[in-house]
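Let's take a walk through a protein model together, one stop at a time. Keep the structure in view and look up each residue as we come to it.

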Amino acid sequence: MGMFSWAERPAQVLQQGGVIGPDERLPWPQTAAMGVQHVIAMFGATVLAPILMGFDPNLAILMSGIGTLIFFFITGGKVPSYLGSSFAFIGVVIAATAYAGKGPNANIGVALGGIIACGVVYTIIGFIVHAVGTGWIERLMPPVVTGAVVAVIGLNLAGIPVKNMAASNFDSWMQAVTFVCVALVAVFTRGMVQRLLILVGLIAASIVYAILANGLGLGKPMDFSGIAAAAWFGAPSFAAPVFSGQAMLLIAPVAVILVAENLGHIKAVTAMTGRNLDPYMGRAFIGDGIATMVSGSAGGTGVTTYAENIGVMAATKIYSTAVFVLAALIAILLGFSPKFGAVIQAIPLPVMGGVSIVVFGLIAAAGAKIWVDNRVDFADNRNLIVAAVTLVLGTGDFTLKFGGFALGGIGTATFGAILLYALLSRGGRAPQAAAAPR
């Protein structure tokens, strides 16, 4: 199989209903409607991640669209995925730039240099996987390790909304109102509204905030002047990377987390579609790595395949990659609308904080879900110790210094989990078969 043989392939097969495979598509109007749904699904997280790092959310949306097109072409239109802003970068970007949590990030350049370095490492891993397969990754990073590392990304970020995004008692109460709004949408609604739980919860909480702050004067009023002043069309604020050795060493290891994430997502899509996508795993890593480098070069966040969009596919049974091409084109259009960016900037910080509490918690819970789904046996002391130590290293932000270089919580937890598992696997008892469900 040639590396990039997509050009020789026939156009997607038109289907009218039922389960739609990756190389099939619905009629274009329905495909476009599905594309809009995928844009909405990725929207909350793709916009939230850049705001938490002080990046331009418009640019992040634009680069998510460009990244998704890059991924589509490199995987030959075989792997249905949307690429959005990765949360794995937030902790290390804040550490590298000393970002205070509000407004544009003054040191964005050094973060971009690190994001590009991460993309390079990720792309190299992709070429290795394309040549030799994924067995070595699965040996290095079994479910106990990947589950712990994913959980740590959420737990390491927990302090940001709790400590930095509520300046007053009113703000703290608004955070609570926000996560309750999201929870109510998640549990008591159905269909499309439920799948957009973050977006719908955020809108509901913003309305409550406007009533209490703008109407009753209980908090800092929402400022809508920026929305009125913003143009409908215009370029986002591009930024140039700065290559700092320390920032690159700090951010590049995120590639390990992106590999684990993408591997898990492709396994999930394989299970849902019944198509073996393992032969495209290397190309998927390369596509994601190149998309991350392109995004970082322009001022955007690092990108990753999105679980939110996999959830939409699971619900709709439409796996057509043509849908993601249209979703990407819609995102590129939105990226060139400053008015859209101004709407995002008008969202009150405590409401964003309440949403962040939910999102970071969901990431932590996703790590636990990896353990449950793979039936990780915690009666095995090796698994127990690896999980226990990793969680506390990441949550407590355990930092190790190597000369002038400091490796923070997510980095020490990621490498700690991999190295500890490898060390404890030497001469220990053989891994047990997964325990049967009780």
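Our walk begins at the largest cavity, where helix α20 gives the largest share of the lining, three residues. The complete lining is made up of Val92, Leu250, Pro253, Val254, Ile257, Ile410, Gly411 and Thr414. Two elements, α13 (254–273) and α20 (409–425), each give two or more residues to this lining. How much space lies in the largest cavity? The answer is about 30 Å³. The structure holds one cavity of 30 Å³ or more. How can anyone tell that a space is there? Rolling a probe the size of a water molecule over the atoms shows where empty space is left.

Please keep in mind that this is a predicted model. Let's now step back and view the whole chain. The protein chain has 20 helices and six strands. Of its 438 residues, 53% are buried. Among contacts with a separation of 6 or more, 80% are between residues 24 or more positions apart. The chain's accessible surface comes to about 18200 Å², and carbon and sulfur atoms account for 70% of that area.

Which ones are buried in α3? They are Ile90, Gly91, Val92, Val93, Ile94 and Thr97. Just after α3 comes Ala98, which takes a positive phi of about 55°.

A strand is our next stop. Thr304 sits in strand β4, which runs over residues 303–305. Is Thr304 buried or exposed? Its relative accessible area is 3%, so Thr304 counts as buried. Leaving out residues up to four places away in sequence, Thr304 touches Tyr82, Leu83, Gly84, Ser85, Ser86, Leu258, Glu261 and Asp288.

Now let's look at the surface. Phe179, Val180, Leu184, Val187 and Phe188 form a nonpolar patch there, with about 480 Å² of accessible area together.

Another partly exposed residue is Leu212, with a relative accessible area of 23%. You can find Leu212 in helix α10, residues 197–215. Leu212 and Phe170 are 42 residues apart in sequence, and their C-alpha atoms are 9.6 Å apart in space. Setting aside neighbours within four places in sequence, the contacts of Leu212 are Phe170, Met174, Gly217, Leu218 and Gly219.

Our last stop is about charge. Side chains of opposite charge can pair when their charged atoms come close. How many salt bridges does the structure hold? There are two salt bridges. One joins Asp373 to Lys369, with the closest N and O atoms 2.7 Å apart. Asp373 and Lys369 are four residues apart in helix α18 (residues 349–373), so about one helical turn separates them. The other salt bridge links Arg382 with Asp380, and here the closest N and O atoms are 3.7 Å apart. Both Arg382 and Asp380 are buried.

Notes: Residues are numbered from 1 along each chain as its sequence is written. Side-chain values use heavy atoms; hydrogens and water are left out. Buried means under 20% relative accessible area, exposed over 50%, partly exposed in between (1.4 Å probe, protein chains only). Contact means heavy atoms within 4.5 Å. Patches are made of residues with over 30% relative accessible area and no salt bridge: like charges are joined within 9 Å, nonpolar side chains (Val, Leu, Ile, Met, Phe, Trp, Tyr) within 5 Å. Accessible areas come from the Shrake-Rupley method with a 1.4 Å probe; for residues, only the protein chains shown count as cover. A salt bridge is a side-chain nitrogen of Lys or Arg within 4 Å of a carboxyl oxygen of Asp or Glu. On a 1 Å grid over the protein atoms alone, a cavity is a set of points where a 1.4 Å probe fits but cannot get out, and a pocket is an open set with protein on both sides within 12 Å along at least five of seven lines; lining residues have an atom within 4 Å of a point. Grid points are joined across faces, edges and corners, and a volume is the space filled by probe spheres set on the points.
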